[in-house]
Amino acid sequence: MSKGRSCPTDYRLPAEIFSAPASLASEVLYVIGGLYGNRQALDAIERRVAGEPGATAVFNGDAHWFDRDPAVFSDIEQRLQRHYPLRGNVETELARAGDDFGCGCAYPEQTDAATVERSNRIHQQLQQAVDGLPGMAEQLGNRPTTLIANVAGERIAITHGDEQSLAGWQCDHARLQSAERQQQLDHWFTERRIRVLTCSHTCSPAALSNGEWAVINNGAAGMPNFNNGRYGLITRIARTASAAALYRAQVGPLVVEALPVTYDQRAFAAEFKRQWPDNSSAALSYWQRINQGTDMTPEQACIKGFTLANTLCALEMLS
């Protein structure tokens, strides 16, 4: 298989990894996937976490992507050390020695070849930044791929792709709508004693719950996800609800929510343009989304069991 579409064998997640004891306990758990090197989004996320007593933040991969400037990359890395960073495919491939799997995105067949090639070029240019930062590749490679957290006595599984692969696409919006996939997940949640599975890799949000368990894919913390504003999205899990939630579900004793990340769009756009001018690979692939959002609505992200919250009205008034 070609670079960017291949799935390295070491991406496979051992089934027993999700049966391990929890390594983190928190009253309020934030899961942040797909920061993509957006420092302004990180500013907003850190303010939110710091403002909520007992909150913990886990960054579940692809914290880097647009930060080809070594100074920006280093700044984000330094700040991530205050939290719990995991490895996504971006970090894994930046740390890899030897075989070249490109960006490691494992893009499905429906993704066009030009998009895959641009992602590989972005990875190459990001690799140059890492190569110029002594010890950075090792730092990225030493991160775990998964984490089990305990919130209110319930086990939360945190990964980047899905429960099978570091860069798996089995938690993308289309796949989660499948009755076969939902049945597979029902068996997995019961067998592993997991209440919530959190992920992000597909860069498009999706939320599914049957009341006993939930899968929540936050899409991207560092880019717009919907058609009603230019804001990122993160996951929050706690006993109590947040007034800032876009949509939520009650899952056993837990409230599982998607929260907007309203970052400084003007500053982010300027920093992006400085690193990725017009006609660069990242600009061609992402500038329209960064500047205009996507065609998706929050309602569409809620496959089953999640309901919209009042925050949506406020966001629509600001857009």
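Helix H4 (residues 113–131) and helix H9 (residues 281–292) pack with their axes 8 Å apart and at an angle of about 120 degrees. Helices here are DSSP runs of H or I of at least four residues, and strands are runs of E of at least two, numbered from the N terminus. Axes are lines fitted to C-alpha atoms, for helices over the stretch in contact, and angles run from 0 to 180 degrees between N-to-C directions. The model is predicted: local features need pLDDT of at least 70 and side-chain atom pairs count only at pLDDT 80 or more, while totals for chains, interfaces and linings use all residues. Residues are numbered from 1 along each chain as its sequence is written, and side-chain values use heavy atoms, with hydrogens and water left out.

H4 and H9 are therefore oblique to each other; angles under 35 degrees count as roughly parallel, over 145 as roughly antiparallel, 65 to 115 as roughly perpendicular and the rest as oblique. On the H4 side, the contact (heavy atoms within 4.5 Å) is made by Arg118, Ser119, Arg121, Ile122 and Gln125. On the H9 side, Ser281, Ala282, Leu284, Ser285 and Tyr286 take part.

H9 also packs with helix H8 (residues 265–275), at an angle of about 170 degrees and with the axes 12 Å apart. That makes H8 roughly antiparallel to H9. Gln265, Phe268, Ala269, Phe272 and Lys273 of H8 meet Ala282, Ala283, Trp287, Ile290 and Asn291 of H9.

The model contains an open sheet of 7 strands with mixed pairing, in the order S1-S5-S6-S7-S9-S8-S13. Two strands pair if DSSP finds at least two bridges between them. Strand S1 (24–25) and strand S13 (302–304) are the edge strands, each pairing on one side only. Strand S5 (residues 147–151) and strand S6 (residues 154–158) run antiparallel and are joined by 5 bridges. Within this pair, Ile148 stands opposite Ala157 of S6. Helix H7 (residues 179–192) packs on the sheet, where H7 touches S6, strand S7 (196–199), strand S8 (206–209), strand S9 (214–217) and S13. The direction of H7 makes about 115 degrees with that of S7.

Asn89 lies in helix H3 (residues 89–95). Because its relative accessibility is 0%, Asn89 counts as buried (under 20% relative accessible area, with a 1.4 Å probe and protein chains only). Beyond its neighbours within four places in sequence, Asn89 is in contact with Tyr11, Asp62, Cys103, Gly104, Cys105, His160, Leu166, Ala167 and His201.

Methods. Buried < 20%, exposed > 50% of the residue type's maximum accessible area, 1.4 Å probe, protein only.
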